Amino acid sequence: FEVDDTTSLRLRAIAFELLERGESHTILVTKDYSEVIFVHPYVLEGQNLTKSNTRVSKLVVDVKHPTRHDVDTINALLAHNRDPIAIYKAQDEAFNVTKVTNKFYKEYRDYFERVKEAVIEWNKGIPDFQNHDRRDKLHAFVRRLMGRLMFLYFLQRKGWLGGDANFLTTQYKLMLRRHAGELSDTSTYYYREVLEPLFFDTLNNPKRPEMWTDFDVAGGKAKIPYLNGGLFDRKRDPDGTILLPDTLFDSESNTGILAFLNRYNFTIADDTPLEQDVAVDPEMLGKVFENMLEEDDRGQSGSFY
């Protein structure tokens, strides 16, 4: 469908029309083909088909920048050599939001442990990371680092990082260009030159003139807001120079944090009972925060989402 309006109301109206005809196809909706919305129409089990009971799950694909998650979801809709029931079942599975969030969280835990190992290995001189009696400090630092990155994925999706929806990856590639010929398995430029200045001198600095920064984006310098909150407070991190290898963040390698986060869609839309995005939504921040708290942390602070 080519439409002028891709609001939830319009998508559900189209879905209802098809369901009323006894059809349950995946629907493709677009305004101008720069963005294509894959829509899965359904009615909750046990309910009668009415306009108010029609639900949609949707996958919003940026045609110029599809994610690995987009490709995997579309591949799951393969119809060749499948009967109609099998096709619908595959469609139902592909648009299952719960499965997407569970898959994301499982991978997140794996990367969390990988980052912990890297922090220990690369920061022998920081007692908070080496002393077994202080391992709660290590855990808290990694939780903050991963949380900061994940939060920034929502901010860049909103266009608040210089209007670049791939800001963190863009900065990684610019870092590669700046240090061409100097990079190795032991180089540590990205965290020191990009993330630390972004976290502490930019997002946590209310005294910057207007909102212009030293970060380059297409069209000039990136405009990035000051965030009035504690997430980017340097005082929360251990004292000392923290080193992290560039390979830990690699946007091209399957083992890099940026590559992992780039595999998923991040949506800033709030899900409703009538419409869900097949993507990682802001609620995942809270789920990750709560589930990555160590048991002692929970008991002592009462920290729950």
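User: What is the strand order of the open sheet of four strands?
Analyst: Keep in mind that this is a predicted model. The sheet is open, has four strands and shows mixed pairing. Reading across, the order is β1-β2-β3-β6.

User: Which strands stand at the edges of that sheet, and why is one side of each left without a neighbour?
Analyst: Each edge strand has a single partner strand, so one of its sides has no neighbour in the sheet. Neighbouring strands are also turned against each other, by 30° on average with direction ignored. The edge strands are β1 (27–30) and β6 (275–277).

User: How many bridges join β2 to β3?
Analyst: Strand β2 covers residues 35–43 and β3 covers residues 54–62, and the two run antiparallel. Within this pair, Ile 37 sits opposite Val 60 of β3. The number of bridges joining β2 to β3 is nine.

User: Which residue in β2 is the bridge partner of Leu 28?
Analyst: β1 and β2 run antiparallel and are joined by four bridges. Their hairpin has four residues between the strands, and there Tyr 33 takes a positive phi near 70°. As for Leu 28, its bridge partner in β2 is Phe 38.

User: Which helix lies across β2 and β3?
Analyst: The helix in question spans residues 68–75. It runs at about 130° to β3. That's helix α2.

User: Are α4 and α10 parallel or oblique to each other?
Analyst: The axes of α4 (residues 97–122) and α10 (residues 283–291) come within 11 Å and cross at roughly 45°. Angles under 35 degrees would count as roughly parallel, and 65 to 115 as roughly perpendicular. The two helices, whose crossing is right-handed, are therefore oblique.

User: What classes of residue make up the contact of α4 with α10?
Analyst: On the α4 side, Thr 101, Phe 104, Tyr 105, Tyr 108 and Arg 109 make the contact. α10 brings in Met 284, Val 288 and Asn 291. By class, that gives five nonpolar, two polar and one charged.

User: How do α4 and α6 cross, left-handed or right-handed?
Analyst: These helices pack at an angle of about 125°, with their axes 10 Å apart. They are therefore oblique to each other. The crossing is right-handed.

User: How do the residues of the contact of α4 with α6 divide by class?
Analyst: From α4, the contact includes Phe 104, Tyr 108, Tyr 111 and Phe 112. From α6, Leu 138, His 139, Phe 141 and Arg 143 are among them. The residues divide into 13 nonpolar, two polar and three charged.

User: What is the orientation of α6 to α8, oblique or roughly perpendicular?
Analyst: The axes of α6 (residues 135–158) and α8 come within 12 Å and cross at roughly 80°. Angles of 65 to 115 degrees fall in one class, so α6 is, relative to α8, roughly perpendicular.

User: How many nonpolar residues are in the contact of α6 with α8?
Analyst: α6 uses Phe 141, Leu 145, Arg 148, Leu 149 and Leu 152. They meet Tyr 191, Leu 195, Leu 198, Phe 199 and Phe 200 of α8. The contact has no polar residues and one charged, and the nonpolar count is nine.

User: Is Thr 202 buried or exposed?
Analyst: Thr 202 belongs to helix α8 (residues 189–202). Leaving out residues up to four places away in sequence, Thr 202 touches several others, including Arg 208, Phe 215 and Tyr 226. Its relative accessible area is 4%, and the cut-off for burial is under 20%, so Thr 202 is buried.

User: How far apart are the C-alpha atoms of Ile 268 and Asn 254?
Analyst: Ile 268 is in the loop between α9 (257–262) and β6, and at 36% relative accessibility it counts as partly exposed. Not counting residues up to four places away, Ile 268 touches Phe 154, Arg 157, Lys 158 and Pro 282. Asn 254 is 14 residues away along the chain, and the C-alpha separation is 25 Å.

User: What share of the 305 residues in the chain is buried?
Analyst: The chain has eleven helices and six strands. Its C-alpha trace spans about 70 × 50 × 40 Å along the principal axes. The buried share is 45%.

Key:
Residues are numbered from 1 along each chain as its sequence is written. This is a predicted model: local features need pLDDT of at least 70, side-chain atom pairs count only at pLDDT 80 or more; totals for chains, interfaces and linings use all residues. Side-chain values use heavy atoms; hydrogens and water are left out. Two strands pair if DSSP finds at least two bridges between them. Axes are lines fitted to C-alpha atoms, for helices over the stretch in contact, and angles run from 0 to 180 degrees between N-to-C directions. Contact means heavy atoms within 4.5 Å. Buried means under 20% relative accessible area, exposed over 50%, partly exposed in between (1.4 Å probe, protein chains only). Angles under 35 degrees count as roughly parallel, over 145 as roughly antiparallel, 65 to 115 as roughly perpendicular and the rest as oblique. A crossing is left-handed if the near helix is turned anticlockwise from the far one by less than a right angle, and right-handed if clockwise. Ala, Val, Leu, Ile, Met, Phe, Trp, Tyr, Cys and Pro count as nonpolar, Asp, Glu, Lys and Arg as charged, and the others, Gly among them, as polar.
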